[in-house]
Amino acid sequence: MISVRIKKQFGVNSVGDSRGAAGGFMLDAEFEAPPGITILFGASGSGKSTTIKSIAGLIRPDSGVISVDGRALFDSQRRVNVPIRDRRVGLVFQSLALFPHLSSLNNVEFPIADLPRQERRKAALDIMERLGIRHTAARRPCDISGGEAQRVALARALASKPQLLLLDEPLSAIDEATKQGIIADLKMINRDLRLPMIYVTHSRDESVSLGDHLVAYERGRVVTSGEPLEVFEGPVMAGVARLTGVENVFEGVVVERSPSAGTMTVMMSDGSGSCYLDIPLGRQGKGDPVRVAIRSGDILVATEDLRSTSARNILYGSVTAIEERGDYSIVRVKSGVTWAASITRQAAGELSLSKGQNIWLAIKTHSCHLLDSRG
């Protein structure tokens, strides 16, 4: 079990404010990471990288405790601050930080340079073999592919047999096929070596593919945690909703309650228009303000009128934009408010959608999430 409870101020003028007058930053994070792969998820600048650098010993928190399996790496009250070299932590940076003048083998050997030469070489080659990069042993970083470089950095982090592996957005600059291969490698390491990992990303897909547990950050604080799909599919705060790919977040007012049906009707607006939507029944009364979120992937798009469907909400509108997002498209639709619906590239081709086209949207009641007013 990894336990983190730390505070760290960077240029903050007013204590307790996450953003000081000088544009400073306040990290105030607390979480526990069970065995397996824990994702630190959030937007850039939310405090994820500062957290893992604190765990590694590269940054000293102002106060708090960091422990791994009951062993304190940092404890401000007990004045414990274990040196970096003694923390038994492997770290892979986004930039990889490979030594350009050394071969792949020498890079992997670097953290175990104090071992006898033969023992050091055998340990390095064994781990390179496990990761499928032994053939790069004599090459320098400039002479290998991006995916091979990622694996060399990973092998170097594992060479010293760390107690914990920290990965700071290691896959952000490589292609999708290579990324999936390295994700498979990380799962293998977690399974075979039983090595706990903390993995920093702002990618929803990486989080779901890799994570056993997810900790969501916003503005220097942990706002929620749980299994990745639980966090992504049931957002309770507006900030978390936007972070997790929920593109439709609207302010609204309850106009009718139907307890027998388990629903209530909300008039939602976005500054350019309004529309009515049936959502799950909440505690709010008629006239109360609400905030509602709907994932773009939970909206069905049709080019013909939807007459027979279980969806309670059928909306008619026109396409205002189509945005390509890799293997899917975001369709912007004006229907009172402006909606974002995601569809696969195949579906986009079959529907032959175009800007200005009239279409229908279908939204199931249970796809509408009431958000906590804190967000």
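Predicted model: local features only at pLDDT ≥ 70, side-chain atom pairs only at ≥ 80, totals over all residues.
Q: Is T51 buried or exposed, and in which helix is its place?

A: A residue is called buried when its relative accessible area is under 20%. T51 has 0% relative accessibility, so T51 counts as buried. Its place is in helix α1, residues 48–56.

Q: What does the side chain of T51 make a polar contact with?

A: A polar contact is a pair of N or O atoms within 3.5 Å. Here the side chain of T51 meets the side chain of Y217 in such a contact, at 2.8 Å. With neighbours within four places in sequence left aside, T51 is in contact with V4, I6, L27, A29, F31, L40 and Y217.

Q: In what order do the five strands of the open sheet stand?

A: The order is β16-β20-β17-β18-β19, with antiparallel pairing. The edges are β16 (299–302) and β19 (337–344); each has a single partner strand, so one side of each is left without a neighbour in the sheet. From one strand to the next, the twist averages 45 degrees.

Q: Over how many bridges do β17 and β20 pair?

A: Strand β17 (residues 313–325) pairs with strand β20 (residues 358–363) over six bridges, in the antiparallel sense. L315 stands opposite L361 in β20.

Q: Which residues line the largest cavity?

A: The lining consists of V92, Q150, L154, L167, P170, L171, I182 and L186. Helices α4 (146–159) and α5 (176–193) each supply at least two residues of that lining.

Q: What is the volume of the largest cavity?

A: Its volume is about 40 Å³. The structure holds one cavity of 30 Å³ or more.

Conventions: Residues numbered from 1 in each chain as written. Heavy atoms only, no water. Helix = DSSP H or I, 4+ residues; strand = E, 2+ residues; numbered from the N terminus. Buried < 20%, exposed > 50% of the residue type's maximum accessible area, 1.4 Å probe, protein only. Polar contact = N/O pair within 3.5 Å; in protein donor to acceptor, adjacent residues only side chain to side chain. Contact = heavy atoms within 4.5 Å. Pairing = 2+ DSSP bridges. Axes fitted to C-alpha atoms, helices over the stretch in contact; angles between N-to-C directions. 1 Å grid on protein atoms, 1.4 Å probe; cavity = no way out; pocket = protein on both sides within 12 Å on 5 of 7 lines; lining within 4 Å. Points joined across faces, edges and corners; volume = space filled by probe spheres on them.
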